[in-house]
Amino acid sequence: MASFNFDAAVRWARFDPQAALARRPDIYLPFVTEERLGGQALLLDTCVYIDQSQNRTPDIVDRFMSARQVNHSTVAIQELMHTVGVLDPRDRRRPAAVTAIRRLIRSMPAHRVFAPDGDVLGRAGLLSGILCRLQGYAADHKSRALQDCVLFLQAQKLGFAILTANIADFDILLQLLPIARVLFYRRK
């Protein structure tokens with residue numbers, strides 16, 4: 001993997017606080033507001049697609065997505081396709097869910113879909129390892145932590161802000177790397 005420098009990544013991980021972190025009060029977090037409407041391009045967390053398809057996003061999220069450039073990650077595509085694979089073929093709700101996910105993925109313009117590179121993947125592995133150790137994540141949370149870290153670092157590298165309702169996990173990531181940009185919203 002020529003695009004990954006192991007030693008640089010280990011030096012980069014000097015931000016490790018070596019103690020568990022707690023979610024901060026909302027007043028310290030960057031939530032979507034009218035005042036923040038303009039700004040840098042967005043990279044959507046997978047929860048945004050799901051919340052939109054289930055009509056759980058507040059109106060301000062729709063305004064944000066209209067006012068800013070919206071970008072997509074292959075990480076979100078992977079997570080959405082995982083959902084298709086995990087759905088029971090005998091469940092009568094499956095066809096509607098698959099149709100909705102198909103529509104979401106097909107609506108992503110190819111020039112706005114980004115894949116993480118080797119540097120992002122390597123650093124995300126390191127960051128998620130630190131996160132899992134610090135927070136004591138159980139096995140079922142480790143995979144999700146890795147995906148969140150990839151998306152978080154991919155957005156940082158591309159100069160995008162992550163849009164997410166995953167306040168608890170992304171607040172911890174922001175505490176570890178406060179230079180990254182995340183915008184939070186609460187579901188309806």
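Start at the N terminus and follow the chain: the elements run α-β-α-α-β-α-α-β-α-α-β-α-β. In total, that is 8 helices and 5 strands. Keep in mind that this is a predicted model.

**Stop 1: the whole protein.** Show the C-alpha trace. Along its principal axes it spans about 50 × 40 × 30 Å. Buried residues make up 45% of the 188. Now look at contacts between residues at least 6 apart in sequence: 76% of them join residues at least 24 apart.

**Stop 2: the largest pocket.** Select Thr46, Ile50, Glu79, Arg144 and Asp148. Of the 13 lining residues, these lie nearest the pocket's centre. The pocket has a volume of about 320 Å³. Next, colour helix 2 (46-53), helix 4 (74-86) and helix 7 (139-158). Each supplies at least two residues of the lining. What kinds of residue make up the lining? It divides into 2 nonpolar, 7 polar and 4 charged.

**Stop 3: the cysteines.** A disulfide is a covalent bond between the sulfur atoms of two cysteines. How many disulfides does the structure hold? The count is 0.

Cys47 is buried, with a relative accessible area of 12%.

Move on to Cys149. Its sulfur is 7.4 Å from the closest cysteine sulfur, in Cys132, and that is also too far for a bond. Cys149 is buried too, with a relative accessible area of 0%.

Methods:
Residues numbered from 1 in each chain as written. Predicted model: local features only at pLDDT ≥ 70, side-chain atom pairs only at ≥ 80, totals over all residues. Heavy atoms only, no water. 1 Å grid on protein atoms, 1.4 Å probe; cavity = no way out; pocket = protein on both sides within 12 Å on 5 of 7 lines; lining within 4 Å. Points joined across faces, edges and corners; volume = space filled by probe spheres on them. Helix = DSSP H or I, 4+ residues; strand = E, 2+ residues; numbered from the N terminus. Nonpolar A, V, L, I, M, F, W, Y, C, P; charged D, E, K, R; others polar. Disulfide = S-S within 2.5 Å. Buried < 20%, exposed > 50% of the residue type's maximum accessible area, 1.4 Å probe, protein only. Contact = heavy atoms within 4.5 Å.
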